[in-house]
Amino acid sequence: TVDNKLIQTYKVFGYDGAKVTIAHEFHHAIQMLYGFDDYTGSVLAEMSSVMMEMLLYPEIYDYMQYVRSLFKNPSKYPFCNPNADVGYRYGIFAYFIQKRFGIEAIRKIWEITATGVPSYRAINTALEYYNSSLNKEWKEFIKAIYYTGSRGNQNQYFESAELMPEF
């Protein structure tokens, strides 16, 4: 409770809540095998685990809570902020990368991270294997999220783009 008002903690309940939670937390267990840097690792960890929820259970829209808050106030969640809350919001970016290059791109990021390379540099290095970069993909991502809400039917990257708020 906040100021004697009940605050809803979870957005999805029952079996659907259990499914996305298990997918998310199991992916964290996999990440532990790779390891991650202390400074920005939580961003990559949460970003990847939210992406896993989206991949395994596309019909469950738990991630939409993060998309809504990101689109409502993007300056509150700068991508470079090494905070787990930022990672949750950018699960949609990890999903975008996966759609463009396949799940192997996400695995490549984690493999590079396992060698001790910091998270954002690992993302960039992995994307270089696909003749791209974090900078290039960020620009494409910004274009893609423009096509959300009423513009969502034109979006090739997010199947649920029309359900998202307009960016």
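Me: In this predicted model, is Tyr-88 buried, partly exposed or exposed?
Reply: The relative accessibility of Tyr-88 is 22%. Buried means under 20%, and exposed means over 50%. The value lies in between, so Tyr-88 counts as partly exposed.

Me: Is Tyr-66 buried or exposed?
Reply: Tyr-66 has a relative accessible area of 14%. The cut-off for buried is under 20%. Tyr-66 is therefore buried.

Me: How are the rings of Tyr-66 and Tyr-88 arranged: stacked, tilted or edge-to-face?
Reply: Tyr-66 sits in helix α3 and Tyr-88 in helix α4, 22 residues apart. Their ring centres are 5.2 Å apart, with planes at 20°. Planes under 30 degrees apart count as stacked. The pair is therefore stacked.

Me: And which arrangement do Phe-79 and Tyr-120 have?
Reply: Phe-79 lies in the loop between α3 and α4, and Tyr-120 in helix α7. Both residues are buried. Their ring planes meet at 75°, and over 60 counts as edge-to-face. So the pair is edge-to-face.

Me: Which element gives the largest share of the largest nonpolar core?
Reply: This core has 43 residues. Elements that give two or more residues include α3, α5 and α8. The largest share is eight residues, and the element that gives them is α2.

Definitions and conventions:
Residues numbered from 1 in each chain as written. Predicted model: local features only at pLDDT ≥ 70, side-chain atom pairs only at ≥ 80, totals over all residues. Heavy atoms only, no water. Core = buried A, V, L, I, M, F, W, Y, C linked by side-chain atoms within 4.5 Å. Buried < 20%, exposed > 50% of the residue type's maximum accessible area, 1.4 Å probe, protein only. Helix = DSSP H or I, 4+ residues; strand = E, 2+ residues; numbered from the N terminus. Phe/Tyr/Trp six-rings, centres within 6.5 Å; stacked < 30°, edge-to-face > 60°.
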